[in-house]
Amino acid sequence: MNTIIYKILLLGKDSTQREVKLKEGVNIISGCSRSGKSALLKIFDYCFCSKSNTIPYGEIEDFTDTYCLILKHNSNFIILGRKSFSNTGSSKMYLFFENNKAIVNNIN
């Protein structure tokens with residue numbers, strides 16, 4: 001049984017999206033200071049039911065309406081979604097199971 005992080009997806013307040021798509025195996029995330037590398041771990045933690053929002057306030061939080069973490073297990077997908085903390089995210093979470101890759105790649 002293999003489960004991998006398939007994608008981290010941010011659904012914007014203006015209906016646009018930002019995503020970090022990961023591949024099987026080791027992924028190296030690099031970039032300048034304050035470019036959001038550590039925020040990816042905080043988003044992962046938040047989508048896995050953290051009681052608090054530790055995502056750094058700023059551009060990411062201003063942009064995002066819903067945070068999504070998409071896991072791939074064999075040929076199936078598990079989609080964890082959570083509204084921003086200030087927008088009912090402290091009390092609500094979305095959990096979806098999907099086996100259609102086309103749907104997973106076109107979440108809106």
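A charge is taken to sit over a ring if NZ of Lys or CZ of Arg is within 6 Å of the ring centre and within 35 degrees of the ring normal. The views show a predicted model, in which local features need pLDDT of at least 70 and side-chain atom pairs count only at pLDDT 80 or more, whereas totals for chains, interfaces and linings use all residues. Residues are numbered from 1 along each chain as its sequence is written, and side-chain values use heavy atoms, with hydrogens and water left out.

**View A. Arginines over aromatic rings.** R82 lies over the face of Y46, at 4.1 Å from the ring centre. In another such contact, the charged end of R18 sits over the ring of F63, 3.9 Å from its centre.

**View B. Aromatic pairs.** Rings of Phe, Tyr and Trp (its six-membered ring) pair if their centres lie within 6.5 Å, and planes under 30 degrees apart count as stacked, over 60 as edge-to-face and the rest as tilted; by this rule the model has 5 aromatic pairs. One of them is the stacked pair of Y94 and F96, with 6.4 Å centre to centre and 10° between the planes.

**View C. Cysteines.** With a disulfide defined as a pair of cysteine sulfur atoms within 2.5 Å, the count comes to 0 disulfides. C47 is in no disulfide, and its nearest cysteine sulfur, that of C68, is 6.6 Å away. C47 is buried at a relative accessible area of 1%, whereas C32 is exposed at 61%.

Definitions and conventions
Buried < 20%, exposed > 50% of the residue type's maximum accessible area, 1.4 Å probe, protein only.
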